[in-house]
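Please read the following report alongside the sequence and the coordinates. It takes up a few selected sites, one heading at a time.

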Amino acid sequence: MQPTVTFFSGFNINDLWFLGEAALRTMWISLLSISIGTVIGAIFGWILYEGKLAATLTVAPILDIFRSVPLIIQLVLFYNFAPIIGLNLDPFASGVVILTIYTASLVANVARGGIEAVGTPMRRAARSLGMTYWQDLRHVVLPIGGRAVFPAWVGVALGVMKDSALVSVLGYVELLKASQILITRTQEPFLILTLAGAFYFALSYPISRYAAALEKRWAQ
Amino acid sequence: MIEIRDLHKYFGTLHVLKGINLDVQKGEVLSVIGASGSGKSTLLYCINGLEPIQDGKVVVDETDVHAKGTDINKLRQKLGMVFQQWNSFPHLTALENVALAPRIVKGKSKADARDIAAQQLSHVGLGEKLDAYPGALSGGQQQRLAIARALAMEPEYMLFDEATSALDPELVGEVLETMRMLAEEGMTMICVTHEMGFARDVSDRVAFFHQGVMEEIGPPEQIFGNAQSEHTRKFLANVR
């Protein structure tokens, strides 16, 4: 009689490396999307603030769509339909594109709130000193408004980092996808998901701590 | 010299300034008094171009403030302004607050800008507070900080928009003292104010505004002792 074929094997130390690598990929895709998305979002926020009617009719509805449609649907739609318009992007690139737009749509409103938080009197004071529009924006609005909405932005960034798990549906082996692979092989979902959760925590926690420390320093 | 000719200003359909004519000479201290909503603060905003105007013109040292080709940012360096809400930059220390504009607008080196800032801050009595953040300063100190910040641009005119109105009563004195000092140094000043004592003692001329019209202008003795206009007399009787 033939020996039974074993499909499953237990969790071993190499799998921890596998998860660690996947965590780095989560970090990398989040870092890229959040950085680019924040810059684009800040520009959209400025357009929303300055653009009045024109922006309300153009940019705002587009941002609303990206904020309102579940990320997983955006990812699947984009990954499958982008090739039709000649964009052959791999799962990573598709993930970055969608996460970036998603981040930008969230940051746009945060950024607009930041500009509003500075207020007209403060900006007039800056302009009365002879600052140009752009000097006022760079040296007064950005630091003051940025600090006002920094906690909100950290919330967006941490949210996007966790939402990057959804890129797993495209087959990109980030933390969640790696966990699923390991669960299939080891049949130990409890252990693996706990470990994956710990990795997510290890990525988020230093950011929230650092953010809290910054806020404390600014509050003096 | 500041020349204002037939200045009209509307906010929407609201006619806030109804044909103002006014000259302010170099070295003069002019106080502008009147009830809230009489257009006196708006006048200041029109002088340094923070508000567009609908008719007439404002000319500062032969430059038309509202003309198309005017480099308004350059012109504003001549026109220091102090606001009712002092608007100190909360993320910068007192020294950095004052040094910012000389550095980025005038292109001074960091060291030069700091020297100018330190000098202006001691001038207004804040020499001990260079490294304090505005949040740690009293309202009166923040307002003096705002004055130092404006002075650091070496303006030729200073516009004060109710500089003491938002202050607690016990802090008004120190700011008025600073303004008095500037006047004695020969600074050209236009002070929109509710401080009648200051207007009487420090100004060369006092202008009374009533519902968007400059009802009366003259030396303080005239305005406070022998006002020609019924409205002026009524207003002064009420504030005293």
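## Contacts of B:Asn73

Leaving aside neighbours within four places in sequence, B:Asn73 is in contact with A:Arg127, A:Gly130, A:Met131 and A:Thr132, where contact means heavy atoms within 4.5 Å. The side chain of B:Asn73 also makes a polar contact, at 3.2 Å, with the side chain of A:Arg127; a polar contact is a pair of N or O atoms within 3.5 Å, of which, within protein, one must be able to donate a hydrogen and the other to accept it, and residues adjacent in sequence count only if both atoms are side-chain atoms.

B:Asn73 lies in helix H2 of chain B, residues 72-76, helices being DSSP runs of H or I with at least four residues, numbered from the N terminus. With a relative accessible area of 16%, B:Asn73 is buried (buried means under 20% relative accessible area, exposed over 50% and partly exposed in between, with a 1.4 Å probe and protein chains only). From C-alpha to C-alpha, B:Asn73 and B:Val105 are 8.7 Å apart in space, while 32 residues separate them in sequence.

## Basis of the model

This is a predicted model, in which local features need pLDDT of at least 70 and side-chain atom pairs count only at pLDDT 80 or more, whereas totals for chains, interfaces and linings use all residues. Residues are numbered from 1 along each chain as its sequence is written, chains are lettered from A and ligands numbered from 1 in the order in which they are written, and side-chain values use heavy atoms, with hydrogens and water left out.

## Cysteines

Taking a disulfide as a pair of cysteine sulfur atoms within 2.5 Å, the count over all chains is 0. B:Cys46 is in no disulfide, and the nearest cysteine sulfur, that of B:Cys191, is 18 Å away.

## A loop serine in chain B

B:Ser229 is placed in the loop of chain B between helix H8 (220-225) and helix H9 (230-239). Its relative accessibility is 8%, so B:Ser229 counts as buried. When neighbours within four places in sequence are left aside, B:Ser229 is in contact with B:Glu215 and B:Glu216.

## A helix residue in chain A

A:Val76 is found in helix H3 of chain A, residues 71-81, and at 36% relative accessibility A:Val76 counts as partly exposed.

Notes:
Helices (H or I, at least four residues) and strands (E, at least two) are DSSP runs, numbered from the N terminus.
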